[in-house]
Amino acid sequence: MEHRLNTRVKSIEISGIRKFYNLVGTQEGMISLTIGQPDFYTPDHVKEAGIRAIEQNATVYTPNSGLSELKEAAVRFYKEKYGVSYSADTEVIVTVGASQAIDIALRAALEPGDEVILPGPVYPGYEPIIHLCGAKPVMVNVTDNDFRMTADKIEPYISKKTKVIVLPYPSNPTGVSLTEQELQDIAALAKRYELFVLADEIYSEIVYERPHVSIASFLPEQTIVVNGLSKSHAMTGWRIGLLFAPQSITQHILKVHQYNVSCASSVSQKAAVAALTDGMNDALPMRSEYQKRRDFTFEKLQELGLETVKPDGAFYFFVKVPTAYIGSSFDFCLTLAQKYKVAVVPGSAFSDAGEGWFRLSYACSVEEIEEGLRRIEQFLRTL
């Protein structure tokens, strides 16, 4: 009966990140520089809040949009951290991770034939949803612009069919963020063409030399902000995401959310309240450690003569495959894993624009990073 399934579903692929991890990630002795989650545990006070929720039988449905106390905490968090104001009653939806927030936002916004502009390379979680909506992803190759999707790069790709601009900054896979001026320019562009901006800000608390700025500061009426606690509070498995937008938009996104999942886990929501109140600054020690690892890794990559852009957020480097290597980025990474026992992610997992690059995560110990880079150096000597 496979032939009777939705052709759009059959046409999309499993994430290239997951494909590659499944292929090499379980081999004995492998140093994995592929991981996209913090190598820290959820803070104890957050875990304790989750335990109390279970003990107090807070294990029932919550309102579709989430617990009031959590939405109020999320609004205070965004106001204090990024200076953006929302109504807790009508402009916040608690989702099952940021991934579900992206899904319901795009499904609420898109119709068949619409176009969505994204930077390339890009996290592979957007394109499949766009395809499932019958819309078309339009990729802006930003490898020649230090991975920055700026207004001058975007405008040539705008057509009468364009509906949404996706701004995933700080970026996975490049770690690059945008400046305040760059965001203002994109906001002006989106306003002129009446476009939605989907701002995926999941790495907003892992930004280094300058504070994170949300494009919602400049374009509140057209911006849908996606965030969550996976990266900021090492809560990937708790599956708590947050969606912020004007009421005129959230009232419709909420309908998609309601029929999708009803509500996020009540226990996880109780824990998230602790994360966004007493744990408002839980990300700071993690960020400090990541910055040390970033600086260490960048220095080593330079010593190896590998081309990259120094990231100002998240915990990834996007590294150019050496020109001496003849073959695809997938083959490069497969050889590296099979012969030298170090795993990185092929750039091709992040769209066609990522071909010729690989993603290296430094969300692991310095010892693992150092050993992984030592093995990469052994491989480079053979080229």
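Is Arg294 buried or exposed? In this predicted model, Arg294 counts as buried, at 1% relative accessibility.

## Overall form

The chain contains 13 helices and 12 strands. Its radius of gyration is 21 Å, close to the 21 Å that the globule rule gives for 383 residues, so the chain is as compact as a globular protein of that length. A box of roughly 60 × 55 × 50 Å, taken along the principal axes, holds the C-alpha atoms.

Of the 383 residues, 56% count as buried. The accessible surface comes to about 16,700 Å², and 49% of that surface belongs to carbon and sulfur atoms. Among contacts between residues at least 6 apart in sequence, 76% join residues at least 24 apart.

## Charges

The chain carries 38 positive and 46 negative charges, whose mean positions are 4 Å apart. Side chains of opposite charge can pair when their charged atoms come close. The count of salt bridges comes to 19.

Arg294 forms a salt bridge with Asp295 (2.9 Å, N to O). Asp295 also meets Lys310 in a salt bridge (3.7 Å, N to O). This second pair links distant parts of the chain, with Asp295 in helix H11 (residues 283-303) and Lys310 in the loop between H11 and strand E9 (316-320), 15 residues apart. Asp295 is partly exposed at 32% relative accessibility, and Lys310 is partly exposed at 38%. Glu209 joins Arg294, Asp295 and Lys310 in a network of salt bridges.

## Lys81 and Glu205

Another salt bridge joins Lys81 and Glu205 (3.0 Å, N to O). Lys81 lies in helix H4 and Glu205 in the loop between strands E6 and E7, so the pair ties together parts 124 residues apart in sequence. Lys81 is partly exposed, with a relative accessible area of 23%, whereas Glu205 is buried, at 5%.

Definitions and conventions:
Residues are numbered from 1 along each chain as its sequence is written. This is a predicted model: local features need pLDDT of at least 70, side-chain atom pairs count only at pLDDT 80 or more; totals for chains, interfaces and linings use all residues. Side-chain values use heavy atoms; hydrogens and water are left out. Helices (H or I, at least four residues) and strands (E, at least two) are DSSP runs, numbered from the N terminus. The radius of gyration is taken over C-alpha atoms; the globule rule is 2.2 Å times the number of residues to the power 0.38. Buried means under 20% relative accessible area, exposed over 50%, partly exposed in between (1.4 Å probe, protein chains only). Contact means heavy atoms within 4.5 Å. Accessible areas come from the Shrake-Rupley method with a 1.4 Å probe; for residues, only the protein chains shown count as cover. Lys and Arg count as positive and Asp and Glu as negative; His and the chain ends are not counted. The place of a charge is taken as NZ of Lys, CZ of Arg, CG of Asp or CD of Glu. A salt bridge is a side-chain nitrogen of Lys or Arg within 4 Å of a carboxyl oxygen of Asp or Glu.
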